[in-house]
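Visitor: I'd like to learn how to read a few features off a model. Could you walk me through one, starting with charged pairs?

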Amino acid sequence: MASRAPHEVGGPGTRRVERRGAIFMDTAVTIEIVDPPPAVDVDAACAGAFRWFAEVEAACSRFDPASEVARLVRAAGAAGAVPASPLLLHALAFALQVAEA
């Protein structure tokens, strides 16, 4: 669940800071927007970003038996290709690059 914490920073010429936070994959995720334009719906923008984190968690969590990566592990050794989403393939490719560095 996301938390909401708008506040102001500084003295004269104070800047407005909008901060939202949530937990994904047991990691604190904080979004901070400094001086958002009035036309920006901060809550909607942050909700969109948090939806992306939820998608990553749904695809990549090794602790959730319903996740896509858990499904791939269960299919290990199966004959033929196992379909995977572009998001998971990108995350796996990045993890391999980091491991090989």
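Guide: Side chains of opposite charge can pair when their charged atoms come close. In this structure, R16, E18, R20 and D43 are linked in a network of salt bridges. Before we go on, this is a predicted model, where local features need pLDDT of at least 70 and side-chain atom pairs count only at pLDDT 80 or more, while totals for chains, interfaces and linings use all residues. Residues are numbered from 1 along each chain as its sequence is written, and side-chain values use heavy atoms, with hydrogens and water left out.

Visitor: How many salt bridges does the structure hold?

Guide: There are 6. One of them pairs E18 with R16, at 3.1 Å from N to O. To read their surroundings, take relative accessible area: under 20% is buried, over 50% is exposed, and in between is partly exposed (1.4 Å probe, protein chains only). E18 is buried at 6%, whereas R16 is partly exposed at 35%.

Visitor: Which elements hold D35 and R15, and how far apart in sequence are they?

Guide: Elements first: helices (H or I, at least four residues) and strands (E, at least two) are DSSP runs, numbered from the N terminus. The side chains of D35 and R15 form a salt bridge, 3.0 Å from N to O. D35 sits in the loop between β3 and α1 and R15 in strand β2, so this pair ties together parts that are 20 residues apart in sequence. D35 is partly exposed, at 36%, and R15 is also partly exposed, at 45%.

Visitor: And what separates R71 from E68?

Guide: About one helical turn, because they are 3 residues apart in helix α2 (residues 68-74). R71 is partly exposed, at 32%, while E68 is buried, at 14%.

Visitor: What pattern does the protein follow along the sequence?

Guide: It goes β-β-β-α-α-α, for a total of 3 helices and 3 strands.

Visitor: Now strand pairing. How many bridges join β2 to β3?

Guide: The rule is that two strands pair if DSSP finds at least two bridges between them. Here 8 bridges join β2 to β3, and the two run antiparallel. F24, for instance, has T27 in β3 as its bridge partner. Their hairpin has 2 residues between the strands, and M25 there takes a positive phi near 50 degrees.

Visitor: Which residues make up the largest nonpolar core?

Guide: A nonpolar core is a set of buried Ala, Val, Leu, Ile, Met, Phe, Trp, Tyr and Cys residues joined through side-chain atoms within 4.5 Å. The largest one here has 7 residues: A22, F24, V29, I31, V42, C46 and F50. At least two residues come from each of β2 (15-24), β3 (27-34) and α1 (42-60), with α1 giving the most, 3 residues. Another core lies apart from it, with 6 residues, including V56, V69, L72 and L88.

Visitor: How much of the protein do buried residues make up?

Guide: They account for 23% of its 101 residues.

How values were computed. Salt bridge = Lys/Arg side-chain N within 4 Å of Asp/Glu carboxyl O.
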